[in-house]
Amino acid sequence: MKIINTFTSELPVDKNTDNRPRQVVESCSSFVFPKPLSHPSLIHKSNEVLELVGLSSLSQEDLTYFSTGQIILKGFKPYAMCYGGHQFGNWAGQLGDGRAINVAEIKHLENTLTIQLKGAGATPYSRTADGFAVLRSSIREYLCSEAMHYLGVPSTRAMSLALTGESVVRDVLYNGNPKKEKGAIVGRVAASFIRFGSFEIHTARQDFDTLKKLTDYTIKHHFKNLGNPSKATYLNFFESVCNLTRKMIVDWQRVGFVHGVMNTDNLSILGLTIDYGPYGWLENYDPNWTPNTTDIQHKRYRFGNQFKVSLWNLTQLANALYPLIEDVEALTTILKKYSILYNQDYQTMMLTKLGIKNEKDMDNLFIHKLENLLENSEMDMTLFFRNLNKFETNQLEIHLSLLEKNSYLTRNEFKVFAPKWKQWFEEYTTRLEGVKNNERIELINQTNPKYVLRNYMAQLAIEDAENNNYDLLNELYKLLKKPYDEQPNMEKWFVKRPDWAKEKIGCSMLSCSS
Ligand code: AMP
Ligand code: MG
């Protein structure tokens, strides 16, 4: 493992080293040290991620100190990144890493990776906030980023979860009930934490010099095959970001993940799922569902709108890169292509979920009928798709009774939809002619996870962890490493959301407070 230092040595860094909230101009980052802590403790670590970064031989004690920012690797100066962003559709100006600090950039084997500690203390970008994170949101980020990785969805990784040993005050529902909570730090890892907003901030300030430096840097280190800086290269870069984003969004739709805060500061330039805040997993298939209580009114970040928002966000990125490209038509063409390719990929993905991989079966209407039925009959998304592996074409009635059990409707309410389901399954049966059953089942099992981090599962692990019991955290961490495998002892997690979780805070509704 080798320490490298490209972000701060190749890009302009804030000359002011005062750790006070301020506007940071003509810079991509500010040097800042994590907050000193007297009693940090490690709760969990990912051996795989530690291996990736070449730190698997650290002792438990050293890892505790490293993953809370108390030891800094020799030759490295920690820093927070400067970025801006559009939040809920409005330009919000400078945001930046208000509580995340990059503590290492390493090259290990073939990988170049950055290690970032989220919740490690205030930075010049903290604005009026404290720079900390609470245990509940840190557990959610820790479990979900690894779960996403093992689902095959591009994501930042989680290396470690630690307690700061200090408490943090949060008003979870923003209703005047502040409470003390345990402070925590997630060590997270990615090839880069550069976001759409990292580019937007410089263009908004008409600082095209820094914009160009950052873009050239990003291409040089993360899009190496695109070649030397030129207008054509910048266009290719933008198109590559569109392609990576498309793949990520299709994957989110495939597994039923709702990000919840798709602001442009939360979209990674590498198409990684990043910043796990008030995210959630679809239970009853509801395209209008948003887990984020701040988003309840307009539902901008609802499941069924994630593609449109990604397009909107990419349009903001196109605006940000425009000064380097100065070709509206070329950028618009790429954005149009984004929509066309997304629709194709989405259809293919949905057919794959049904165990059909033949392109000739491409049919919007068939998929659309399915989506409507799933929605109207309040079907559990994960159970429905995974259970298609049990469907036998000559046993339709048996499958219908399974559907009834996987729906959140009562038996009587479900009856209305039974004939429509029957019809849909008859059409499905016709489409399966010529498809080998074992191949269909294999495809279904590879595409539709058996286990996802249902909202209530994370909440149960959080409640235990707040009482110093980490058994469930460990159990879920292990479970979600093999989301497509049958795990006979874990069938209790392959069930519908329990009734108590329907309206519970932390389960179906999540605030941004973290
Ligand atoms: P998010 O919506 O969590 O991605 O955060 C939006 C912005 O607020 C980012 O610039 C964060 O760094 C910042 N932020 C969120 N929580 C805190 C906090 N507790 N202290 C400082 N900055 C924060
Ligand atoms: Mg963020």
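# Reading ligand contacts, salt bridges and a domain interface

User: Where does a backbone N or O atom of phenylalanine 132 lie relative to ligand 1?

Analyst: In this predicted model, a backbone N or O atom of phenylalanine 132 is 3.2 Å from a nitrogen atom of ligand 1. A polar contact is a pair of N or O atoms within 3.5 Å. Glycine 131 also uses a polar backbone atom, placed 2.8 Å from a nitrogen atom of the ligand. Aspartate 130 uses its side chain instead: one of its N or O atoms is 3.1 Å from a ligand nitrogen.

User: How many residues surround ligand 1, and which are the closest?

Analyst: There are 17 residues around ligand 1. The closest are Gly96, Gly98, Arg127, Gly131 and Asn266.

User: How should I read a salt bridge, and how many are there by this rule?

Analyst: Side chains of opposite charge can pair when their charged atoms come close. The rule gives a count of 30 salt bridges. One of the pairs is aspartate 275 with arginine 195, whose closest N and O atoms are 3.0 Å apart.

User: Which domains does the assignment give?

Analyst: The protein chain is assigned domain 1 (2-196), domain 2 (223-352), domain 3 (371-434) and domain 4 (455-501).

User: What is the area buried between domain 2 and domain 3?

Analyst: About 900 Å² is buried between domain 2 and domain 3, with carbon and sulfur atoms giving 61% of that area. Of the area that domain 2 buries against domain 3, Glu283, Asn284 and Tyr285 supply 57%, more than any other three residues. In terms of contacts, 13 residues of domain 2 touch nine residues of domain 3. The C-alpha centres of these two domains are 31 Å apart.

User: How many salt bridges and polar contacts are there between domain 2 and domain 3?

Analyst: The salt-bridge count between domain 2 and domain 3 is zero. Three residue pairs are in polar contact across that interface. On the domain 2 side, helix 7 (231-255) and helix 9 (328-353) each supply at least two residues, and helix 7 gives the most, with three. By class, that side has six nonpolar, four polar and three charged residues.

Notes: Residues are numbered from 1 along each chain as its sequence is written. Chains are lettered from A and ligands numbered from 1 in the order in which they are written. This is a predicted model: local features need pLDDT of at least 70, side-chain atom pairs count only at pLDDT 80 or more; totals for chains, interfaces and linings use all residues. Side-chain values use heavy atoms; hydrogens and water are left out. Domain bounds come from an automatic or database domain assignment. Contact means heavy atoms within 4.5 Å. Buried area is the accessible area (1.4 Å probe) that two parts lose on being put together, summed over both. A salt bridge is a side-chain nitrogen of Lys or Arg within 4 Å of a carboxyl oxygen of Asp or Glu. A polar contact is a pair of N or O atoms within 3.5 Å; within protein, one must be able to donate a hydrogen and the other to accept it, and residues adjacent in sequence count only if both atoms are side-chain atoms. Helices (H or I, at least four residues) and strands (E, at least two) are DSSP runs, numbered from the N terminus. Ala, Val, Leu, Ile, Met, Phe, Trp, Tyr, Cys and Pro count as nonpolar, Asp, Glu, Lys and Arg as charged, and the others, Gly among them, as polar. A residue is near a molecule or strand if one of its heavy atoms lies within 4 Å of it.
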